[in-house]
Amino acid sequence: MALPLPLPEAAAVLAALLLLLICTIAHVTARKMPTLHRHEEEKFFVNAEGRKEPVPSIHDPPTRELSVVVPSYNEEDRLPLMMDEALNYLEKRQKRDPSFTYEVIVVDDGSKDQTTKVAMKYCKKYGSDKVRVLSLVKNRGKGGAVRMGVFSSRGKKILMADADGATKFEDIEKVEEGLKNLQPWPRSYFRTLLMYGFHFLVWFLCVKEIRDTQCGFKLLTREAALRTFSTLHIERWAFDVELLYIAQHLRIPIAEVAVNWTEIEGSKLVPFWSWLQMGRDLLFIRLRYMTGAWQLETRKCN
């Protein structure tokens with residue numbers, strides 16, 4: 001005669017079955033990496049004169065000291081404040097040090113408003129060699145937009161900066177100074193600047209020793225950007241966490257630096273559902289790498 005399991009043992013069996021079910025779901029539902037293919041219209045920038053120019057490639061040798069990638073979705077209202085502050089800093093720095101060269105790449109992530117038109121005003125004012133607008137055919141998500149901008153950049157160092165202007169550009173120099181203090185990785189350095197987020201789940205599931213993964217102000221060397229973004233699977237809100245997870249597994253040094261940050265109204269996050277989605281993504285990042293559904297591999301964007 002079969003006897004029922006005691007309650008603690010039954011609970012342990014149920015928990016094990018639930019974990020197995022979640023692992024199976026995570027593995028089976030894992031998509032291959034999002035396509036890195038560009039639509040034909042995304043292979044060109046429109047310059048200040050209205051002519052199309054082919055986008056550069058991150059696989060080409062760098063020709064600028066700094067590339068600033070600004071992912072933008074329906075940011076016609078908040079973008080001007082950020083661009084004014086950023087370009088004011090970058091121009092002053094270039095006057096101070098003529099060897100310092102830069103570019104700002106605004107990636108319009110399929111906006112339904114006048115984001116591209118607003119950004120093009122800065123292209124015309126400063127010239128298309130300094131300000132470029134990459135308009136995506138459809139919305140890819142913040143991670144996808146950042147990746148397309150990174151893969152189109154010319155800088156030795158690549159900075160991700162949110163369009164809301166929450167972080168001040170003068171803090172870049174803190175980040176660059178700290179970069180010199182990192183221990184070298186055999187192939188390059190990785191520099192990440194972060195500020196607020198969902199700490200415990202990130203620490204528990206994915207990324208250790210980083211208190212904050214969600215600040216949109218991150219600086220990478222060109223080679224680190226190529227290796228991490230080529231492997232990235234997640235294109236929406238939790239892409240920052242996977243980016244850091246990849247960097248840690250590639251043994252790329254990561255540093256965290258305090259910067260001035262101001263909350264700006266107009267966030268695209270819907271509090272409850274966005275946190276729920278990010279929590280799910282965090283769990284699946286861990287499980288999909290753990291079960292081998294996702295691999296660390298480098299690919300080239302076409």
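The chain exposes about 15300 Å². Carbon and sulfur atoms supply 58% of that area. The model is a predicted one. Of its 302 residues, 51% count as buried. Contacts can also be sorted by how far apart the partners sit in the sequence. Among contacts with a separation of 6 or more, 81% join residues 24 or more positions apart. The chain holds nine helices and seven strands.

Start with the sheet. Five strands form it, in the order E5-E4-E3-E6-E7. The sheet is open, and its pairing is mixed. E5 and strand E7 (218-221) stand at the edges. Each has a single partner strand, so one side of each is left without a neighbour in the sheet. Neighbouring strands are turned by 20 degrees against each other on average, direction ignored.

E4 and E5 pair in the parallel sense, over five bridges. Val 104 stands opposite Val 131 of E5. Helix H2 packs on the sheet here, touching E3, E4 and E5. The direction of H2 makes about 165 degrees with that of E4.

E6 and E7 run antiparallel, joined by four bridges. Met 160 has Lys 218 in E7 as its bridge partner. Which residues of E7 are buried on its two faces? Lys 218 and Leu 220 are buried on one side, Leu 219 and Thr 221 on the other. Helix H7 (residues 222-229) lies across strand E6 (155-160) and E7. H7 runs at about 100 degrees to E7.

Next comes helix H3. This helix covers residues 115-126, 12 residues in all. At 1.5 Å a residue, H3 should span 16 Å. Its end C-alpha atoms are 17 Å apart, which agrees. Several residues of H3 are buried: Thr 115, Val 118, Ala 119, Met 120, Tyr 122 and Cys 123. What do the buried residues of H3 pack against? Their partners include three strands, E1 (44-46), E3 (64-72) and E4 (102-108). Strand E5 (131-135) and helix H2 (79-96) are also among them. After H3 comes Gly 127. The phi of Gly 127 is positive, near 95 degrees.

Another glycine sits inside a helix. Gly 149 has its place in helix H4 (residues 142-150). Is Gly 149 buried or exposed? Its relative accessible area is 0%, and a residue counts as buried under 20%, so Gly 149 is buried. Not counting residues up to four places away in sequence, Gly 149 touches Val 69, Ile 105, Val 107 and Leu 134. Ser 67 is 82 residues away along the chain, yet the C-alpha atoms of Gly 149 and Ser 67 are separated by 9.2 Å.

Finish with the aromatic rings. A pair of aromatic rings is described by the distance of the centres and the angle of the planes. The structure holds three aromatic pairs. One of them is formed by Tyr 289 and Trp 294. Their centres are 5.6 Å apart, with 75 degrees between the planes. This pair is edge-to-face, because planes over 60 degrees apart count as such. Both Tyr 289 and Trp 294 are buried. Ring pairs also bring in Tyr 245, linking Tyr 245, Tyr 289 and Trp 294 into a cluster.

Technical notes
Residues numbered from 1 in each chain as written. Predicted model: local features only at pLDDT ≥ 70, side-chain atom pairs only at ≥ 80, totals over all residues. Heavy atoms only, no water. Expected span 1.5 Å × (residues − 1). Buried < 20%, exposed > 50% of the residue type's maximum accessible area, 1.4 Å probe, protein only. Contact = heavy atoms within 4.5 Å. Areas by Shrake-Rupley, 256 points an atom, 1.4 Å probe, with all protein chains shown as cover. Pairing = 2+ DSSP bridges. Axes fitted to C-alpha atoms, helices over the stretch in contact; angles between N-to-C directions. Phe/Tyr/Trp six-rings, centres within 6.5 Å; stacked < 30°, edge-to-face > 60°.
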